[in-house]
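The following exercises are to be worked with the sequence and the structure in view. Each task is followed by a solution in steps.

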Amino acid sequence: MAAIVSVENLRKVYDSGFEALKGVDLAIEQGEILALLGPNGAGKTTLISTICGITRPTSGRVTVAGHDVVTDYRASRKLIGLVPQEITLEPFTKVAVTARFSRGLFGAPPDESYIERLLKQLSLWDKRDAMTKELSGGMKRRVLIAKALSHRPRVLFLDEPTAGVDVELRKSMWEVVAALRAEGVTIILTTHYIEEAEEIADRVAVINGGQILLVEEKDRLMQRMGRKELVIELQSPVEAVPEALAAFGLERGDDGRTLTYAYDRAAERTGIVSLLSALSEAGLVLRDLQTRQNSLEDIFVGLVKEEA
């Protein structure tokens, strides 16, 4: 699939000398949902701001559908919708007027039917005549999304879109994202709720220290780097893992009542049968067994730690 956003050797150095982006290369495919993950200060917002034309790069090149974000700014910006972290709305403007005005800023002609459909999709239609200062934080964030979508962009950036949003609103917001993706909109998402990225993203990009550490399909990443664990609950606690079980690399729980065995779920032989036999021979009585698999959050934390 062709890339709609292309980032090549992108660097951003501020006047203070701080290098926020260090030669970033990234290709974002048409119609995908890309989760951009990284700790605070990793360079996520700087990267998004540069692609959107808000921050000027020190060097490197960024194009959106072939339009350079510096030399062909107007054409590239028309293709982009941005939902920022900060809620910045004119407090005394009505919801519908806010959406219409944002559409006009991009030179798009009036389209009341589209604005109505958009506000209904975001559960804002009943609030169309309310001033934004009267809305809750979650509803204000929906207005930001309406503004970003008012001109029908082909690329949508969501920078922490569910921060401060309750669970119900968060769920319906992801339904909107799924509908946009079905329409062919490319979505780049940053979030602290990594389970959301695990649920909805097609690919994951991890950034830290201004550098992209990894870009990979989510399912392939979890298959390649995720590990599965067998948690063994014992009838009686042990003070230490018996020497006879040392080869299995078991981790003892703090209370001595659990032993954890990590294995590759894709391997032909997991070693579980041998382990259970060895446990019996060591005189350990099992109370319960549970399996669990590493989440995307576990993988992300591990990657960041490796680079620290």
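**Exercise 1.** State how much space lies in the second largest pocket, and determine which helix gives the most to its lining.

*Solution.* Step 1: the second largest pocket holds about 210 Å³ of space. A pocket is an open set of points on a 1 Å grid over the protein atoms alone, where a 1.4 Å probe fits, with protein on both sides within 12 Å along at least five of seven lines; lining residues have an atom within 4 Å of a point. The volume is the space filled by probe spheres set on the points, which are joined across faces, edges and corners. The model is a predicted one, in which local features need pLDDT of at least 70 and side-chain atom pairs count only at pLDDT 80 or more, while totals for chains, interfaces and linings use all residues. Residues are numbered from 1 along each chain as its sequence is written, and side-chain values use heavy atoms, with hydrogens and water left out.

Step 2: the lining includes Tyr114, Arg117, Leu118 and Gln121. Helix α4 (residues 112-121) gives the most, with four residues; helices here are DSSP runs of H or I with at least four residues, and strands are runs of E with at least two, numbered from the N terminus.

Step 3: by class, six lining residues are nonpolar, one is polar and three are charged. Ala, Val, Leu, Ile, Met, Phe, Trp, Tyr, Cys and Pro count as nonpolar, Asp, Glu, Lys and Arg as charged, and the others, Gly among them, as polar.

**Exercise 2.** Describe the largest pocket by volume and by the residues nearest its centre.

*Solution.* Step 1: its volume is about 430 Å³. Step 2: of the 20 lining residues, Arg77, Ser102, Leu105, Phe106 and Lys147 lie nearest the centre. Step 3: α3 gives the most to this lining, with five residues. Step 4: the lining has 11 nonpolar, six polar and three charged residues.

**Exercise 3.** Is serine 49 buried or exposed?

*Solution.* Step 1: serine 49 lies in helix α1 (residues 44-51). Step 2: serine 49 is buried because its relative accessible area is 14%, and buried means under 20%, exposed over 50% and partly exposed in between (1.4 Å probe, protein chains only). Step 3: leaving aside residues up to four places away in sequence, serine 49 touches Ile54 and Thr55, contact meaning heavy atoms within 4.5 Å.
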